[in-house]
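Dear colleague,

Please find the structure below. My notes on its aromatic residues follow.

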Amino acid sequence: MNIPSKYDANQVESKWYDYWMKHNYFHSKPDNREPYTIVIPPPNVTGVLHMGHMLNNTIQDVLIRRARLQGKNACWVPGTDHASIATEAKVVAKLKSEGIDKNDLSREEFLKHAWDWTHEYGGVILEQLKKLGCSCDWERTKFTMDPEMSESVIKVFVDLYNKGLIYRGYRMVNWDPEAKTTLSDEEVIYEERQGLLYYLSYPIEGSDETVTIATTRPETILGDTAICINPNDERYAHLRGKKAIVPLCNRVIPIIEDEYVDVEFGTGCLKVTPAHDENDKNLGEKHNLEVIDIFNADATLNSYGLQYEGKDRFVTRKEIAKELEEKGFLVKTENHINKVGTSERTKAVIEPRLSDQWFLKMEDLVKPAIKAVLEDEEIKLFPKKFENTYRHWMENIRDWNISRQLLWGQQIPAFYYGDGKEDFVVAETMEDALVLAQEKTGNAELKTSDLTQDSDALDTWFSSWLWPMSVFDGIRNPENEEIKYYYPTNDLVTGPDILFFWVARMIIAGYEYKGERPFENVYLTGLVRDKQRRKMSKSLGNSPDALKLIEEFGADGVRVGLLLSSAAGNDLLFDEALCQQGKGFGNKIWNAFRLIKGWDVDETIEQPESSKIALEWFEAKFQQTLVEIEDHFSKYRLSDALMATYKLIWDDFCSWLLEMIKPAYGEAIDAKTLKGVITIFEDNLRVLHPFMPFLTEEIWQFIADRTPEDALIVAKWPAQKSFDQALISEFEMAQEVISGIRTIRKDKNIAFKDTVAFSVINNEEVKPTFDSVIQKLGNLESVEYTNEAVDGAITFRVKSNEYFIPMSGAIDVEEEMKKLMEELNYTEGFLKSVQKKLSNERFVNNAPEQVVASERKKEADALAKIDTLKASLASLQ
């Protein structure tokens, strides 16, 4: 069999992915096995693969491949989210570049463009995930705007409305003037920004008096409908019952009193603009004030903006401040830091705006979801620290604004039959709506042409909160075979930034529609940051091209690199050097495989004792590591599971086992040892496969001729067996002995081809189990046991055992004694400094326990080394 000298990741990865797809290993259907289900956090249909996706999907693939090896029916459902705001923005930009204005199109015409865009660009990210090795069940791919998915969303809306949980309300909402839609509170990001506090002078009607108020938004004075003072503030008692005049627009407004006003902020006087501030709106309702909205949907000023009509709010702010100053209304300005709400999607500054919207009552819906996570622990968050964030959000929840002023998305199934706000019915179809409207109005003559559907679309999250159920058609057909088999799912892997948006809402929906949790465990990954701890983003230019990384380091190398830099719930400091390390690890394994396959085998040779015990040791070590790996997986410490696997293969297998069993140069290996090491190698490949699927499958298929049923992807995860812990401990001692011999050989320039004599005073009473291994790896004549120190020998210690290598004629005695004296003097000086520290009572009593313990260990090591150096000197004299 011709094994290439170098591992070619690009060629290997496409070969095996095609093979896996051809043999349908990723596809799952219900059977009698235990199901293991993951649903993908659906990426935006417009998206391309970035580092966050790479980490998230690598983790999911590790979990799904391991479950498959464990004999479970592994099902990983992929799909994409229609991402209303993001997709509509891209379609609008494309239309604009073609000279088309969205507003000139009918809904149907715009949706045709949106679907064209989706068909052209949607799914790019899913194709890219294949390059990473993701073993999703591609036959199950879902899109949140698929007809059956949309039908589920509409069904849920109608159901919640009929339960009295969805209502229409005229509320102050978060308005994104760029996307021209409302946003939920959770989609608003608050940023501290440096701005100005403007002190403005309002004339008092019928007098020469003025009153000064402070505002951060001078443009909104054009919407002022009152000035408010605190009734307990004596400074303004003389203004009670009077009226003020709004600068520039000369509107006369009342001066009202309310204890809401903070006498300490600004001047203790408040301008009231009910259309543009939530608190002002509340004051306006309480005092029956006029509401004047000065903005258009894009946050330019409308006709109430006087000569500023049509200008952007921030342009107007500068110009109106200048006019106020010129006309003597601007008293002064001060620097002021305030929190500004921005849109998570478009980054535009949010404008509070009064509008009719649809809301979902959350107070009762949320209760089972709080209980499931925080009381019963039916659902576990990893890391546990995120329970506090979850608690905060869920216990302070507000009604969910579920309507968006967008065309792309599920259209709200409310149908208007009259001009009044309440003249509507809610139904799944126009035909059902007509029947309801006829009943409600008592007018049997009503036709579908008399009905107008609400133009708003539903919030994207109102679609994706059903994801674990809707992908198995559990809303439309709640008793179907698939939902009963695959639901609840097992693990959810996602970022903490959507813990509320998506995770919490899926839990709420799960209990409302299935009466049980949607998943058992939620693994929250960290954010991917660069080496300078900056969040990776396109704007900073610090996010590497995911596909180029795969091209350069191979998918396996990138997967290992990501996991080596990742710890559950903590931010991940990504460095391409870790991908290089992953690639290097792959090359190490490849070269180990080529070494084994390069050995000639001789059926007539007896198995050496050193090989027999070496294989027994590794099997024990493998089982010990397997317990460790299982523990890490149970706690979702995937990086630690990888690191345990990495050390097992790099250190124990490559650096030690292969050295212990390899035949002498030009000689053959015995058949029993070769068979044993290949069995061990296959077990290594099984535990490594979830992390490095391509490399492991390639080697697995090279080891022997395999049928599709014998492919590694569907092999069996190694079974846990009892193991000899003493064997592992004894070998740790042997390792130190071998290292001591190698150090002396190196220091004394003794060629490895030259055998040397070797004796030991066995004070530790170590069994001679690994003597044959020590003899082979140290190239010793033999291992002799003695009760007396050996004259003329270099000596070293491991614990209290003394080891001797005679040096007669091999070294310059005088030079060696000089070196030993220098080392002895240095060590004695070091010992004094440590003992001085330990004799200081303040240090011993006040230093942390582990620091004192570390110093005591230094003392013990130095004393043992001094004994050894003195013994070596004595033997040379």
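Does W115 count as buried, partly exposed or exposed, and at what relative accessibility? W115 counts as partly exposed because its relative accessibility is 28%; buried means under 20% relative accessible area, exposed over 50% and partly exposed in between, with a 1.4 Å probe and protein chains only.

This is a predicted model, in which local features need pLDDT of at least 70 and side-chain atom pairs count only at pLDDT 80 or more, while totals for chains, interfaces and linings use all residues. Residues are numbered from 1 along each chain as its sequence is written, and side-chain values use heavy atoms, leaving out hydrogens and water.

Rings of Phe, Tyr and Trp (its six-membered ring) pair if their centres lie within 6.5 Å; planes under 30 degrees apart count as stacked, over 60 as edge-to-face and the rest as tilted. By this rule there are 44 aromatic pairs. The planes of W115 and F143 stand at 80 degrees, with ring centres 5.8 Å apart, so this pair is edge-to-face. It links distant parts of the chain, 28 residues apart: W115 lies in helix 4 (residues 107-121) and F143 in strand 4 (residues 142-143). Helices (H or I, at least four residues) and strands (E, at least two) are DSSP runs, numbered from the N terminus. F143 has 8% relative accessibility and therefore counts as buried.

Y19 and Y25 are both buried. One aromatic cluster includes Y7, W590 and F770.

A charge sits over a ring if NZ of Lys or CZ of Arg is within 6 Å of the ring centre and within 35 degrees of the ring normal. R66 places its charged end over the ring of F633, 4.1 Å from the centre.

With kind regards
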